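Student: I have a structure open and a list of labels to check. Can we test each one against its cut-off?

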Amino acid sequence: MNRQDILTWLRERDERQLEQLYRQADVVRADHVGDDVHLRGLIEISSHCLRSCAYCGLRRPNQHAQRYRMSRSEILESVELAVGLGYGTVVLQSGQDHELTGDFVVDLIRQLKSASPLAVTLSLGERSLEELAAWRAAGADRYLLRFETSNRALYERIHPPLGNTRSDRIALLGHLRKLGYEIGGGVMVGIPGQTYEDLATDIETFRELDLDMIGIGPYLPHPMTPLAKEHDETQSTGGQQVPNSESMTYKVLALTRITCPLANIPSTTAVATLNRTDGLELGLMRGANVVMPNVTPMAYRRLYEIYPDKACLHEPSERFDQRLRERIRGIGRTVGIGRGDSPRMLAARRKTGAGVA
């Protein structure tokens, strides 16, 4: 699919035409990653953050945010829950919290790997190359670092520098690849200032980076962020702003599956927040093959407020897991068993004769 095709589909509004796109994405998904839906247990280990990203409720200047940092024992209890529920991966996510020191994370990874068969995905922000190398050496398998937009001017507006250090997540993803991680990126759909050309470039960037994991969700404004006011103003002008709609998110998801057939792509919590009835299923039917159930303790889950009223706030992990499996079976899909490693990475290992990390 070339750039003009991508742009044409992004601008398409006829739902009958879009059904053709969704069917094509679902066929590509079935052919390249199969019918398994892989479950990743998400643990939001800290809501502290040094950064001032313009879209995120965890941003340091937000004085209304209630901060927490899970203890080692609390994290390990959540890991035990993920193991008990049969998940093959645990995802440790936080704001950019340097109180989660390099050594603390090294020790935590070693404990997780020695106590469970889980793959370990880290999503801890922009950390030093030394820390990232140490975490990989300790056994971390994957690193998720969403860049949110490939438009450099827009990126710099929503990701202010930390001190004198310019943020460049796309470059950091390249370093993570060299360290041997499976790498994940992703974007928000409908960021104030985002154009259709930007979204087309985002999809092309996914392909160029050859990402193992790609997260796509709508931009959901948090009232205590600078971008929320811009969102309100942009929506009222009737201009060229890309909408942060459910439909637009599905289009980007489907186009991403078609252009990146071997990637692991989640049906995200943000989509399920827009459509609590069947947003999760529609994401899976339009190219996704991963779901990330939240196993963070309920007392902390509501405090990890990147955007308000997340779908995962309303149901304990065990109950959600039971319903999730029923919903997956209800659309004719199966729950994956094991780690659910990146098909792209597995293909590369087969070529070189290397084993699974």
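Tutor: Start with Asp210, which sits in the loop between helix H8 (196-209) and strand S6 (213-218). Helices (H or I, at least four residues) and strands (E, at least two) are DSSP runs, numbered from the N terminus. This is a predicted model, where local features need pLDDT of at least 70 and side-chain atom pairs count only at pLDDT 80 or more, while totals for chains, interfaces and linings use all residues. Residues are numbered from 1 along each chain as its sequence is written, and side-chain values use heavy atoms, with hydrogens and water left out.

Student: What makes Asp210 count as partly exposed?

Tutor: Its relative accessibility is 39%. Buried means under 20% relative accessible area, exposed means over 50%, and partly exposed lies in between (1.4 Å probe, protein chains only). Therefore Asp210 counts as partly exposed. Asp210 also has a positive phi of about 55°, although it is not a glycine.

Student: Why is Asp309 called partly exposed?

Tutor: The value for Asp309 is 40% relative accessibility, so it counts as partly exposed. Asp309 lies in the loop between helix H13 (298-301) and helix H14 (317-330). Its phi is positive, near 55°, in a residue other than glycine.

Student: How do you know whether Glu77 is buried or exposed?

Tutor: Relative accessibility for Glu77 is 52%, so this residue counts as exposed. Glu77 lies in helix H3 (residues 72-84). From Glu77 to Glu126 the separation is 49 residues in sequence and 26 Å in space, C-alpha to C-alpha.

Student: And Ser123: what decides whether it is buried or exposed?

Tutor: Ser123 has 10% relative accessibility, so it counts as buried. It belongs to strand S3 (residues 119-123). Not counting residues up to four places away in sequence, Ser123 touches Leu92, Gln93, Ser94, Tyr143 and Leu144. Contact means heavy atoms within 4.5 Å.

Student: Why is Phe147 called buried?

Tutor: Phe147 is at 0% relative accessibility, so it counts as buried. Its place is in the loop between strand S4 (142-144) and helix H6 (152-158). Leaving out residues up to four places away in sequence, its contacts include Tyr155, His159, Arg169, Phe206 and Leu209.

Student: Which residues have the most contacts inside the largest nonpolar core?

Tutor: They are Leu10, Leu92, Leu122, Trp135, Tyr143 and Tyr181, in a core of 91 residues. Helix H10 (residues 246-259) gives the most to this core, with 7 residues. A nonpolar core is a set of buried Ala, Val, Leu, Ile, Met, Phe, Trp, Tyr and Cys residues joined through side-chain atoms within 4.5 Å.

Student: Why are H1 and H8 called oblique to each other?

Tutor: The axes of helix H1 (residues 3-11) and H8 come within 9 Å and cross at roughly 125°. Therefore H1 and H8 are oblique to each other. Among the residues that meet are Ile6, Leu7 and Leu10 in H1 and Leu199, Ala200 and Ile203 in H8.

Student: What makes H1 roughly antiparallel to H10?

Tutor: H1 and H10 pack at about 155°, with their axes 9 Å apart. So H1 is roughly antiparallel to H10. The contact includes Ile6, Trp9 and Leu10 of H1, with Met248, Val252 and Leu255 of H10.

How values were computed
Axes are lines fitted to C-alpha atoms, for helices over the stretch in contact, and angles run from 0 to 180 degrees between N-to-C directions. Angles under 35 degrees count as roughly parallel, over 145 as roughly antiparallel, 65 to 115 as roughly perpendicular and the rest as oblique.
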